[in-house]
Amino acid sequence: MKFKNLLTCVAVASMMVGCSNSGTKSSANGTVKAPKFGFIGPLTGDASQYGTAVKNALKLAIKEYNKAHGTKITAVYYDDKADATEAVNAYNKLVDEDKVTAILSPVTTASCLAVASAAKTKGTPILTPSGTGDKITMDGDKAYSNVFRICTNDSYAGTYLAKLCKTKFHYKKVAILYNKELDYSTGLNNAFIKEAKNQNVKVKYNGAYNANTKDFSTFISKIKASGADSVYLPDYYETVVTITKQLRDAGINLPLFGGDGWDGVLGVKGVNAKNFENTYYVSGFDKDATTGPAKKFVDAYTKEYGSTPNMFAAMEYDALNVMMEAINNAKSTDSTKICNALAKIKVTSAACGAFTYNKYHNPIKDMAIVTVKKGKYVTVK
């Protein structure tokens with residue numbers, strides 16, 4: 001692009017309503033050259049395994065994209081400690097001080113809910129890799145115009161698991177133990193129970209614990225007495241490890257299963273991997289793929305960081321590439337134009353699989369089933 005035209009382009013972009021102050025230069029083929037993205041996620045605390053993986057994946061995706069396309073994408077990273085207030089504070093810094101083009105996060109559901117609400121007025125494009133709560137993308141009974149996700153939502157995953165009980169696992173009597181103070185957990189619990197009725201799967205016990213519960217013996221006694229043939233644990237990996245140990249110690253060797261929040265159980269310090277034999281969880285990422293984008297991502301991440309990526313990393317890797325496709329389709333860093341492009345996007349090739357968005361900005365895609373064998377994650381074929 002000639003210098004004179006470039007100046008004109010920048011001048012016009014700076015006058016657009018809702019347009020970011022960064023990333024407005026475009027190449028001859030329409031690629032926007034230098035957008036700046038924001039990251040909000042837990043880099044310390046109980047959920048740091050998620051946040052660290054997401055941050056690593058974003059850095060890798062930016063590095064690869066810049067190399068392949070000659071762009072100068074940058075990102076700013078803030079630790080929210082999985083705390084909603086910290087997340088909103090980080091959002092305000094990213095928008096008001098760092099002048100980011102879009103937010104490729106938050107990572108956890110509670111932070112996503114808070115940031116989605118805070119971003120409504122300014123219309124900042126929000127693309128979370130892993131925020132699963134149904135309400136994250138919803139403004140009342142319709143979708144926020146500016147909030148999207150890469151992962152599936154809780155209702156989708158909970159419904160998917162209930163269907164698997166009949167079609168894949170052949171479980172007929174399920175005991176459930178869920179965290180009543182966690183949106184992610186209650187969302188999966190409610191969706192599962194609703195669909196279980198349709199699948200003729202009986203819920204023999206439905207126990208609810210508080211977030212700070214450490215001793216689950218009372219619940220475990222009731223599970224024992226329930227006559228269940230399986231146990232559903234819709235919570236994040238740290239709590240799942242605690243409950244699973246206590247279940248196994250109590251002599252309950254029933255199959256256990258859960259949602260994508262289980263990803264990371266083998267990374268918890270002191271975990272006994274044998275406890276996770278005969279367990280299953282659904283994931284939006286097939287890390288054992290032998291070909292295609294998933295295989296390419298796993299190889300690149302492993303080379304870069306010396307460890308195998310989890311699902312959260314893969315989703316953030318896709319988030320960067322999906323957002324760049326939307327920006328390039330929009331040929332602009334104007335927030336409204338980016339969001340309109342995201343709503344219409346058809347992802348045909350990605351580490352976490354192809355998808356399109358429904359009217360609530362939730363992706364429609366297949367899910368993988370993951371188990372643990374001999375201390376390693378294995379995708380069930």
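Trainee: Which element gives the largest share of the lining of the largest pocket?
Mentor: That is α2, with eight residues. Please keep in mind that this is a predicted model.

Trainee: What is the volume of the largest pocket?
Mentor: Its volume is about 650 Å³. The lining consists of 23 residues, and those nearest the centre are Glu 64, Tyr 65, Lys 296, Tyr 317 and Asn 321. Two or more lining residues come from each of α2 (48-69), α9 and α10 (311-330).

Trainee: How does that lining divide by class?
Mentor: There are 12 nonpolar, three polar and eight charged residues.

Trainee: And where does the second largest pocket lie?
Mentor: It lies between domain 1 (36-152 + 290-365) and domain 2 (155-283), because both give residues to its lining. The volume is about 560 Å³.

Trainee: Which element gives the most to that lining?
Mentor: α8 does, with four residues. The lining of the second largest pocket has 20 residues, with Asp 46, Ala 211, Tyr 236, Glu 238 and Thr 239 nearest its centre. By class, nine are nonpolar, six polar and five charged.

Trainee: Changing topic: is Thr 379 buried or exposed?
Mentor: Thr 379 is buried, because its relative accessible area is 9%, under the 20% cut-off. This residue belongs to strand β17 (residues 376-380).

Trainee: What joins the side chains of Thr 379 and Asp 286?
Mentor: A polar contact of 3.0 Å. Beyond its sequence neighbours within four places, Thr 379 also has contacts that include Lys 287, Ala 368 and Val 370.

Conventions: Residues numbered from 1 in each chain as written. Predicted model: local features only at pLDDT ≥ 70, side-chain atom pairs only at ≥ 80, totals over all residues. Heavy atoms only, no water. Buried < 20%, exposed > 50% of the residue type's maximum accessible area, 1.4 Å probe, protein only. Polar contact = N/O pair within 3.5 Å; in protein donor to acceptor, adjacent residues only side chain to side chain. Contact = heavy atoms within 4.5 Å. 1 Å grid on protein atoms, 1.4 Å probe; cavity = no way out; pocket = protein on both sides within 12 Å on 5 of 7 lines; lining within 4 Å. Points joined across faces, edges and corners; volume = space filled by probe spheres on them. Nonpolar A, V, L, I, M, F, W, Y, C, P; charged D, E, K, R; others polar. Domains from an automatic or database assignment.
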